[in-house]
Amino acid sequence: MTTLTVFADTDPQTPLLHTDDFDAIQAELAAIGVPLQRWTASEQLAPDASSETVLKAYEGSVAALNAKYGFQSVDVMGMHPDHPQAGEARQKFLAEHVHHDFEIRFFVDGAGVFYIRKNGKVYMTECTAGDLIELPAHTTHWFDMGPRPLFKAIRFFTQPEGWVGHFTGDAIATRFPAYAGAAA
Ligand SMILES: [Fe+2]
(Lines give C-alpha, C1' and ligand atoms only; values in the text may rest on other atoms or scores of the structure.)
Protein backbone atom coordinates (compact mmCIF):
# COMPACT_ATOMS: atom_id res chain seq x y z
CA MET A 1 0.00 0.00 0.00
CA THR A 2 1.24 3.46 -0.85
CA THR A 3 1.95 5.51 2.27
CA LEU A 4 3.20 8.98 3.12
CA THR A 5 4.82 10.07 6.37
CA VAL A 6 5.83 13.71 6.71
CA PHE A 7 8.43 14.94 9.22
CA ALA A 8 10.05 18.25 9.99
CA ASP A 9 13.55 17.83 8.56
CA THR A 10 14.94 18.55 12.03
CA ASP A 11 12.81 15.95 13.84
CA PRO A 12 12.81 12.38 12.53
CA GLN A 13 11.07 11.14 15.69
CA THR A 14 7.74 12.91 15.37
CA PRO A 15 5.68 12.42 12.23
CA LEU A 16 3.57 15.46 11.38
CA LEU A 17 1.37 13.32 9.16
CA HIS A 18 0.97 9.68 8.23
CA THR A 19 -1.56 8.50 5.69
CA ASP A 20 -2.33 5.69 3.28
CA ASP A 21 -5.12 7.65 1.59
CA PHE A 22 -3.92 7.87 -2.00
CA ASP A 23 -5.82 11.08 -2.78
CA ALA A 24 -4.36 12.75 0.30
CA ILE A 25 -0.84 11.57 -0.61
CA GLN A 26 -1.30 12.83 -4.15
CA ALA A 27 -2.43 16.23 -2.86
CA GLU A 28 0.45 16.55 -0.38
CA LEU A 29 3.02 15.71 -3.05
CA ALA A 30 1.36 17.91 -5.67
CA ALA A 31 1.75 20.81 -3.24
CA ILE A 32 5.54 20.35 -3.37
CA GLY A 33 5.60 19.87 -7.15
CA VAL A 34 5.88 16.08 -7.20
CA PRO A 35 3.25 14.41 -9.40
CA LEU A 36 2.07 10.98 -8.30
CA GLN A 37 -0.36 8.92 -10.30
CA ARG A 38 -1.56 5.37 -10.69
CA TRP A 39 -1.31 3.29 -13.84
CA THR A 40 -3.22 0.13 -14.60
CA ALA A 41 -1.78 -2.69 -16.69
CA SER A 42 -3.70 -3.76 -19.78
CA GLU A 43 -3.14 -7.37 -18.77
CA GLN A 44 -2.22 -9.39 -15.70
CA LEU A 45 1.56 -9.65 -15.47
CA ALA A 46 3.42 -12.70 -14.20
CA PRO A 47 6.15 -11.96 -11.62
CA ASP A 48 8.76 -13.07 -14.15
CA ALA A 49 7.27 -11.14 -17.09
CA SER A 50 9.92 -9.93 -19.54
CA SER A 51 10.73 -6.25 -20.02
CA GLU A 52 8.97 -6.35 -23.39
CA THR A 53 5.81 -7.79 -21.83
CA VAL A 54 5.88 -5.19 -19.05
CA LEU A 55 6.32 -2.30 -21.48
CA LYS A 56 3.57 -3.71 -23.68
CA ALA A 57 1.16 -3.89 -20.74
CA TYR A 58 1.72 -0.17 -20.04
CA GLU A 59 2.16 0.88 -23.65
CA GLY A 60 -0.58 3.54 -23.68
CA SER A 61 0.51 5.14 -20.41
CA VAL A 62 4.18 5.10 -21.42
CA ALA A 63 3.36 6.63 -24.81
CA ALA A 64 1.36 9.44 -23.19
CA LEU A 65 4.21 10.22 -20.80
CA ASN A 66 6.73 10.02 -23.61
CA ALA A 67 4.70 12.52 -25.64
CA LYS A 68 4.99 14.93 -22.71
CA TYR A 69 8.69 14.49 -21.99
CA GLY A 70 10.34 12.98 -25.09
CA PHE A 71 12.42 10.30 -23.39
CA GLN A 72 15.61 9.03 -24.96
CA SER A 73 15.12 5.64 -23.44
CA VAL A 74 12.74 3.66 -21.31
CA ASP A 75 13.74 0.44 -19.61
CA VAL A 76 12.65 -2.00 -16.94
CA MET A 77 14.85 -2.88 -14.01
CA GLY A 78 14.24 -5.18 -11.11
CA MET A 79 15.86 -6.01 -7.81
CA HIS A 80 15.33 -8.98 -5.52
CA PRO A 81 16.78 -9.95 -2.14
CA ASP A 82 19.07 -12.64 -3.55
CA HIS A 83 20.55 -10.43 -6.25
CA PRO A 84 24.35 -10.37 -5.79
CA GLN A 85 24.34 -6.57 -5.99
CA ALA A 86 21.29 -6.02 -3.76
CA GLY A 87 23.30 -4.41 -0.94
CA GLU A 88 25.33 -2.30 -3.31
CA ALA A 89 22.19 -1.20 -5.17
CA ARG A 90 20.58 -0.13 -1.90
CA GLN A 91 23.61 1.92 -0.89
CA LYS A 92 23.88 3.74 -4.19
CA PHE A 93 21.13 6.31 -3.60
CA LEU A 94 20.76 5.99 0.17
CA ALA A 95 22.42 9.35 0.86
CA GLU A 96 20.81 12.67 0.06
CA HIS A 97 21.32 13.73 -3.55
CA VAL A 98 19.89 15.54 -6.55
CA HIS A 99 19.86 14.80 -10.27
CA HIS A 100 20.15 17.33 -13.06
CA ASP A 101 17.32 15.55 -14.83
CA PHE A 102 13.99 14.51 -13.36
CA GLU A 103 13.71 11.06 -11.87
CA ILE A 104 10.59 9.32 -13.05
CA ARG A 105 9.87 5.85 -11.88
CA PHE A 106 6.91 3.54 -12.28
CA PHE A 107 6.59 0.64 -9.85
CA VAL A 108 5.38 -2.40 -11.74
CA ASP A 109 5.78 -4.55 -8.67
CA GLY A 110 7.26 -4.44 -5.18
CA ALA A 111 8.04 -1.26 -3.27
CA GLY A 112 10.61 1.37 -2.37
CA VAL A 113 10.69 4.66 -0.48
CA PHE A 114 11.56 8.11 -1.77
CA TYR A 115 12.46 10.57 0.96
CA ILE A 116 11.87 14.01 -0.52
CA ARG A 117 13.22 17.03 1.34
CA LYS A 118 11.36 20.22 0.60
CA ASN A 119 10.44 23.39 2.51
CA GLY A 120 11.93 22.17 5.78
CA LYS A 121 10.09 18.85 5.67
CA VAL A 122 10.87 15.28 4.70
CA TYR A 123 8.19 13.46 2.72
CA MET A 124 8.75 9.74 3.23
CA THR A 125 6.83 8.30 0.29
CA GLU A 126 6.45 4.53 0.09
CA CYS A 127 5.69 3.69 -3.52
CA THR A 128 4.10 0.37 -4.37
CA ALA A 129 2.86 -1.45 -7.46
CA GLY A 130 0.96 0.87 -9.81
CA ASP A 131 2.59 4.12 -8.65
CA LEU A 132 4.23 6.56 -11.05
CA ILE A 133 6.26 9.23 -9.28
CA GLU A 134 7.97 12.18 -10.93
CA LEU A 135 10.70 14.01 -9.04
CA PRO A 136 11.57 17.23 -10.87
CA ALA A 137 15.23 17.95 -11.60
CA HIS A 138 17.19 19.18 -8.56
CA THR A 139 14.67 17.76 -6.08
CA THR A 140 16.62 16.93 -2.93
CA HIS A 141 15.93 13.30 -2.04
CA TRP A 142 17.21 9.85 -1.21
CA PHE A 143 15.84 6.41 -1.98
CA ASP A 144 15.70 3.30 0.19
CA MET A 145 14.76 -0.05 -1.29
CA GLY A 146 15.10 -1.75 2.11
CA PRO A 147 17.40 -4.51 3.36
CA ARG A 148 15.64 -7.14 1.21
CA PRO A 149 14.90 -5.15 -1.94
CA LEU A 150 12.08 -6.39 -4.07
CA PHE A 151 10.71 -4.34 -6.90
CA LYS A 152 10.39 -4.04 -10.63
CA ALA A 153 10.28 -0.55 -12.11
CA ILE A 154 10.07 1.22 -15.43
CA ARG A 155 12.72 3.94 -15.69
CA PHE A 156 12.58 6.89 -18.05
CA PHE A 157 15.59 8.83 -19.25
CA THR A 158 15.76 12.10 -21.17
CA GLN A 159 19.56 12.32 -20.96
CA PRO A 160 22.19 9.60 -20.88
CA GLU A 161 23.61 11.13 -17.69
CA GLY A 162 20.20 11.85 -16.23
CA TRP A 163 20.48 9.63 -13.22
CA VAL A 164 23.91 10.61 -12.05
CA GLY A 165 23.52 11.37 -8.35
CA HIS A 166 25.02 14.61 -7.06
CA PHE A 167 25.37 14.07 -3.34
CA THR A 168 24.68 16.96 -1.00
CA GLY A 169 27.07 15.69 1.69
CA ASP A 170 24.35 16.11 4.30
CA ALA A 171 23.96 13.04 6.54
CA ILE A 172 20.24 13.67 7.04
CA ALA A 173 19.34 10.27 5.59
CA THR A 174 21.10 8.51 8.46
CA ARG A 175 18.86 10.31 10.97
CA PHE A 176 15.56 9.24 9.43
CA PRO A 177 13.86 5.84 9.71
CA ALA A 178 15.24 3.39 7.18
CA TYR A 179 12.82 1.42 5.06
CA ALA A 180 12.20 -1.98 6.60
CA GLY A 181 10.44 -3.34 3.52
CA ALA A 182 6.82 -3.64 2.49
CA ALA A 183 4.44 -4.92 5.16
CA ALA A 184 3.32 -8.47 4.48
FE1 LIG B 1 17.68 9.78 -7.10
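Which residue forms a salt bridge with K56? The partner is E59, with the closest N and O atoms 3.4 Å apart. The legends below set that pair beside other close-up views.

This is a predicted model: local features need pLDDT of at least 70, side-chain atom pairs count only at pLDDT 80 or more, and totals for chains, interfaces and linings use all residues. Residues are numbered from 1 along each chain as its sequence is written, and side-chain values use heavy atoms, with hydrogens and water left out.

**View A. The iron site.** Four protein donors hold positions 2.0 to 2.2 Å from the iron ion: H97 (NE2), H99 (NE2), E103 (OE) and H141 (NE2). Donors are N, O and S atoms within 2.8 Å of the metal (3.2 Å for Na, K and Ca); water is not among the atoms, so sites may look incomplete. Angles among the four donor atoms run from 81 to 165°, and the site is irregular. Four donors count as tetrahedral if all angles lie between 85 and 135 degrees; four count as square planar and six as octahedral if opposite donors are over 155 degrees apart and all others between 65 and 115; anything else is irregular. Along the sequence, the donor residues follow the spacing H-x1-H-x3-E-x37-H. H97 is buried at 0% relative accessibility. H99 is buried too, at 2%. Buried means under 20% relative accessible area, exposed over 50%, partly exposed in between (1.4 Å probe, protein chains only).

**View B. Helix α1.** This helix spans residues 22–30, and F22, I25 and L29 are buried in it. Seen down the axis, the buried residues fall within an arc of 60°, so they line one face of α1. The arc is taken from the directions from the helix axis to the C-beta atoms. Helices (H or I, at least four residues) and strands (E, at least two) are DSSP runs, numbered from the N terminus.

**View C. Salt bridge D131–R38.** The two side chains meet at 3.0 Å, N to O. D131 lies in strand β8 and R38 in strand β3, 93 residues apart. D131 is buried at 0% relative accessibility, whereas R38 is partly exposed at 43%. A salt bridge is a side-chain nitrogen of Lys or Arg within 4 Å of a carboxyl oxygen of Asp or Glu. The structure holds ten of them.

**View D. Salt bridge K68–E134.** The closest N and O atoms are 4.0 Å apart. K68 sits in helix α3 (residues 59–69), E134 in strand β8, 66 residues apart. K68 is exposed at 56%; E134 is buried at 3%.
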